[in-house]
Amino acid sequence: MYHSEHVGHAYHEAQVEEGTNDHSNPSQNHDPHAHSDHSGHEHGHHHHGNFKEIFLKSLPIGIIILLLSPMMDVRLPFQFTFLYSDILVAVLATILLVYGGKPFFQGAVAEFKQKAPGMMALVSLGISVSYFYSIYAVAAFYLSGEHVMNFFFEFASLLLIMLLGHWIEMKAVGEAGDAQKSLAELVPKDAHVVLEDDLIETRPVADLKVGDLVRVQAGENVPADGIIKRGASRINEALLTGESKPVEKGAGDKVIGGSTNGEGILYLEVQETGDQSFISQVQTLIGQAQNQPSRAENLAQKVAGWLFYIAIAAAFIAFVVWLYIADIQTAILFTVTTLVIACPHALGLAIPLVIARSTSLGASRGLLVKDREALELASKADVMILDKTGTLTTGEFKVLNMETLDDQRTEAEIAALMVGIESGSSHPIAQSIVHYAKKQGIQPVRFDLIEVVPGAGVEGNANGRKYELISQKSLEKELAVDVPKGATVSILVEDGKPIGTVALGDELKETSKTLIQALKQSDIQPIMATGDNETAAQGVAEQLGIEYRANQSPQDKYDLVESLKNKGQTVIMVGDGVNDAPSLAMADVGVAVGAGTQVAIDSADVILTQSDPGDIKSFIELANKTTGKMKQNLVWGAGYNFIAIPVAAGILASIGITLAPAAGAVLMSVSTVIVAINAMALKLKN
């Protein structure tokens, strides 16, 4: 149910360069709010050609046209003409229309095939009308000597503005590629391949094949996903999985390409290369985030569709009315002005620029937003369900409390005895005590003999005395010890007398309390759902001051999400992407803590690459601010067009207010700049 096929990281690049428009989403098969059809017109105009190249090559042609063509029969100071200059302009305009206008016509064709004309159709209509009328004006002059005002200046300026705007848009959308680049840089360029005769061959990582045996020296980055065949080391996967500490790994363990090897030498067998590698899959997520429209963007496209029909109707009415009360040239003037003004460039940029900025900001905060719609839905969230272990807590044993029961001993002395008797043990409790002592700078007491007491703990001799470090239940008499809820308590006994206690447990992550406070301030109800027992769950819930559910199976969590959704509430689920997979998929927004598991990629809409619950606070802030910016830009883009179209059609001409094509082009460019500035103003708190 949660399996997906991952295309390579070249996915997004190919779309931009080749003009494809594939919005395949590996999470669609599970997500009730997933889009059933992402192909087509919604976002296709981003991928029709390289707008930077087209703009730069069109610019010289456009400038020549602007220098040789008067603006509505008014020659500007920088303009000049010569014999047959109008024919030269017509030829250059034809070249500009075919080359510079191609991406817009391609987009318009795609929209009409979808039976949903919108932004690209409007742009195509505007440049086509101004071009063909201008060609008619030149032909009329040479065939009949009649002077007809042409619109080559308006045509060229409009087309250049549109190309420039789309270049700016593509540049903004391409910002997410920085995250892809950073991920790619984690993988070394070359790998040390072990040949049959144990010789080492240095080979480009791109040439690695599944089954190759590679050697990874100490301090090197792992070149590909694989399984360790020989050697042992500590692997730092922090940049990839959010695991803050190096992980001990040996023969049979899996390693991720891009992680950093510690002090040992490893020989690993390559399992995944290219598109199937972990890093490539994460890169794919970024590409999908840039190419998947949200419902707000669909709304923008619908608004553009309305504008298309309104523009056609307004232009037709303007033509008929002005033809009746004036003449053909006046009618054409107002018709062309109406169609030029209707071009929804500001509206077309309104949502994509905000999303591009949002995606870039999210990546800088460790947030990979897999589904754009998650941002909008998160801004409407009513409830957030959070897993406990590994999400709100570290998922590791740590010393929570240490006390002395002997007035003659200090806490440091008790710790020195405990760490001494536990030295050499690999048990999680022992390692927690050792780590605690090292952090406190406490030197261990030397023990002569240490033995394991089955089912109880350990015992040993030091300084002529017998010591035991045993569980509370193994102690024959009851002790009144202040124990944190859900903690495991061990008692240090000296010659049969309890002299100290240590409480160990799963510690809250540093940012968990901050997250809960932020959720409450945002009127989002936090609920902890955990598979742990009642005591452990209650202890964490009381520290955080939240509602909880204990002993929850994956099915229980799934049912909890479903029941809340059935009540009409918008639900965010946060989990580690393993046992929480069904509920991550069921929730309106699934947030996976840690990007190291396949199920996180398959089931969640958002991935916290640093496994920090505090990043969820950033996600909620990002969601609210992104949604606000989208609404602002949508209102500006659409409002501008709805107001300008009737003015351009001449509805206010009776009181002396008209809007010429050139003025329309200027206002349109100003509108675009405002929309872009507003989008780039999206920021998160430090």
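Predicted model: local features only at pLDDT ≥ 70, side-chain atom pairs only at ≥ 80, totals over all residues.
Q: How do α2 and α3 lie relative to each other?
A: Helix α2 (residues 51-68) and helix α3 (residues 85-100) have axes that come within 9 Å and cross at roughly 160°. The contact involves, among others, I54, I61 and L68 of α2 with L88, L92 and Y99 of α3. α2 passes α3 in a left-handed crossing. Since angles over 145 degrees count as such, the pair is roughly antiparallel.

Q: Which strands are the edge strands of the open sheet?
A: Let's move on to the sheet. Seven strands form it, in the order β10-β22-β21-β20-β11-β18-β19, with mixed pairing, and the twist averages 20° from one strand to the next. An edge strand pairs on one side only, which here gives β10 (367-369) and β19 (547-549).

Q: Which residue in β18 stands opposite M384?
A: Strand β11 (residues 383-386) and strand β18 (residues 525-529) run parallel and are joined by four bridges. Opposite M384 in this pairing stands P526.

Q: At about what angle does helix α19 run to β20?
A: Helix α19 (residues 554-566) lies across β11, β18, β19 and β20 (571-575). Helix α22 (residues 614-648) also packs on the sheet, touching β10, β11, β20, β21 and β22, and its direction makes about 45° with that of β10. For α19 and β20, the angle is about 165°.

Q: Is S512 buried or exposed?
A: S512 belongs to helix α17 (residues 512-521). Leaving aside neighbours within four places in sequence, S512 is in contact with T391, L392, L544 and P613. Its relative accessible area is 0%, and the cut-off for this class is under 20%, so S512 is buried.

Q: Which residue's backbone oxygen does the side chain of S512 reach?
A: T391, L392, L544 and P613 are the contacts of S512 beyond four places in sequence. The side chain of S512 comes to a backbone oxygen at 2.6 Å, and that oxygen belongs to L392.

Technical notes:
Residues numbered from 1 in each chain as written. Heavy atoms only, no water. Pairing = 2+ DSSP bridges. Helix = DSSP H or I, 4+ residues; strand = E, 2+ residues; numbered from the N terminus. Axes fitted to C-alpha atoms, helices over the stretch in contact; angles between N-to-C directions. Contact = heavy atoms within 4.5 Å. Buried < 20%, exposed > 50% of the residue type's maximum accessible area, 1.4 Å probe, protein only. Polar contact = N/O pair within 3.5 Å; in protein donor to acceptor, adjacent residues only side chain to side chain. Parallel < 35°, antiparallel > 145°, perpendicular 65-115°, else oblique. Left-handed = near helix turned anticlockwise from the far one by under 90°.
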